[in-house]
Amino acid sequence: MQSTNVLDAPTPDASTAPATAPAVDNGYKGNSHVSTTNACKLCTPLGATLAFKGVEGAIPFLHGSQGCATYMRRYIISHFREPMDIASSALGEKNAIYGGGPNLKKGLLNAMQKYGAKVIGVATTCLTETIGDDVPRILTEFRAEFGDLPLADIVHVSTPSYNGTHMDGFHGAVKALCDQLCTDAAAPTGRVNVLSGMVSPADIRHLREIVHGFGMEPTILPDYSETLDGPALLEYENLPSGGTPVAEIRAMGGAAASLELGRAISAQETAGTSLESRFGVALHRLGLPIGLRETDRFYDALKQISGREAPRELALERGRYIDALVDGHKYVSGLRAVVYGEEDLCIGMTSFLAEIGVIPVLVATGAKNRNLAQHIKAACGGVLRHMPVVREGADFFDIVEEAKTLSPDLLVGHSKGQRAAREWNVPLLRCGFPIHDRFGGQRMLHLGYRGAQSLFDRLVNMVLEKKQTDSDIGYGYL
């Protein structure tokens, strides 16, 4: 079946919406929209796809039209610069009427035969959710029909894009992996589960290094630090090496504790709460360790679990970062910033900016009902002189219109802010996902003292570069 090029599809506009369409409260006074022109979020199954990619021997499988897989492959490859295979049930018009069960079953067999997949992560799409495909029932039938074959483990998650963001898909897939693979009580392992959230491969590698520094072995879920940032190979691998081993996922119920990184998910059921309720694994819920204070909280939790102090090498990183703040504070203090992107990244970056003297004036995310303002206040812990304007369910059109009134000196977020930064002649500190207009997005470090140091150095140098560029004489020393 020919792929659908979703990038050529017309963007919905309020003027084309039915007159009877209900108004949507998007948090902006005096404005009601019936459509989104440029959402500050991505597809729900895209997040699930990234999570499934972090399991050893796994292939993501989208139950829907082929165009969905094409769109997501394009986005992911552009950021990670790695091959990205996504299996698809490739539904067409006939399947929209009669159901996609036969395509799903055939696609699963093909994925096992072609890729040798040990795990298949099935994520639904808008189409299959709308027509009402009962995926759990179809998978039960599949196992009964082909039970004589050596079948892969199949994990499924419901991810319609009209009911959430890519972060909902990511966290939903991680919970599904825990719920459907970790089903039996395990003997104590002494390991610590690290539920990292959607961070970069470089961040995942650093998290592993930090946990090792406290004398513990982590089970990081998902772990796409190799599958989406691997070495050059002479022979192409159908399924890249790396990922969280299935055996480790099955044993997560025997861990000493779980560290779940993300404040904005605290009101929902997650993999961490599932492991706690089913197996009694102690849960430590923290924010993404971005900046000094949030990283201190992360280290305190590791100290509590391990009974050890941070090793000297990691403690030195904290001291170097503080020294850099003393040296570079004068360049960034008082600058005004607009922050946008995934909700937990926004919280962490706002805390980081407040610590270094930058004033966040607007923080916006495409997610809804995340109590973003409350979490920002808690993460910043009094270092904010004034709370920024906080927007949930935000559209980039509205973000840009409101930001114009706030006179920002810089933007903080992913590549979609590039046009506004160029129009306003202000720097854009690129972070998060997706980074399409720069190289090395998969190697950007955000977490820990080392990540804070990297962010601070990049930000200061961006400010200095702008001053040089805007100056008639260029300034040889700054």
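Which residues of helix 7 are buried? I started my notebook with that one, keeping in mind that this is a predicted model.

**Entry one: helix 7.** I found helix 7 at residues 166-181, with 16 residues. From its first C-alpha to its last it reaches 22 Å, close to the 22 Å expected at 1.5 Å a residue. Its buried residues are His 166, Met 167, Gly 169, Phe 170, His 171, Ala 173, Val 174, Ala 176, Leu 177, Cys 178 and Leu 181. I then looked up what they pack against, and the partners include strand 4 (153-157), strand 5 (192-195), helix 1 (44-52) and helix 13.

**Entry two: helix 13 and helix 17.** Helix 13 made me curious, and I followed it next. Helix 13 (residues 343-355) packs with helix 17 (residues 448-470) at an angle of about 65°, their axes 12 Å apart. I noted the crossing as right-handed. On the helix 13 side I see Met 349, Phe 352 and Leu 353, which meet Ala 452, Leu 455, Phe 456 and Leu 459 of helix 17. Sorted by class, this contact has seven nonpolar residues, no polar and no charged ones.

Which residues have the most contacts inside the largest nonpolar core? I got Met 349, Phe 352 and Ile 356, in a core of 105 residues. Helix 17 gives the largest share of this core, nine residues. A second, separate core has 19 residues, among them Phe 61, Ala 87, Leu 109 and Met 112. In soluble globular proteins, nonpolar side chains tend to be buried together.

**Entry four: Phe 352.** Leaving out residues up to four places away in sequence, I list Ile 290, Gly 291, Tyr 321, Ala 452, Leu 455 and Phe 456 as touching Phe 352.

Note on methods
Residues are numbered from 1 along each chain as its sequence is written. This is a predicted model: local features need pLDDT of at least 70, side-chain atom pairs count only at pLDDT 80 or more; totals for chains, interfaces and linings use all residues. Side-chain values use heavy atoms; hydrogens and water are left out. Axes are lines fitted to C-alpha atoms, for helices over the stretch in contact, and angles run from 0 to 180 degrees between N-to-C directions. Helices (H or I, at least four residues) and strands (E, at least two) are DSSP runs, numbered from the N terminus. A crossing is left-handed if the near helix is turned anticlockwise from the far one by less than a right angle, and right-handed if clockwise. Contact means heavy atoms within 4.5 Å. Ala, Val, Leu, Ile, Met, Phe, Trp, Tyr, Cys and Pro count as nonpolar, Asp, Glu, Lys and Arg as charged, and the others, Gly among them, as polar. A nonpolar core is a set of buried Ala, Val, Leu, Ile, Met, Phe, Trp, Tyr and Cys residues joined through side-chain atoms within 4.5 Å. Buried means under 20% relative accessible area, exposed over 50%, partly exposed in between (1.4 Å probe, protein chains only). The expected span of a helix is 1.5 Å times one less than its number of residues.
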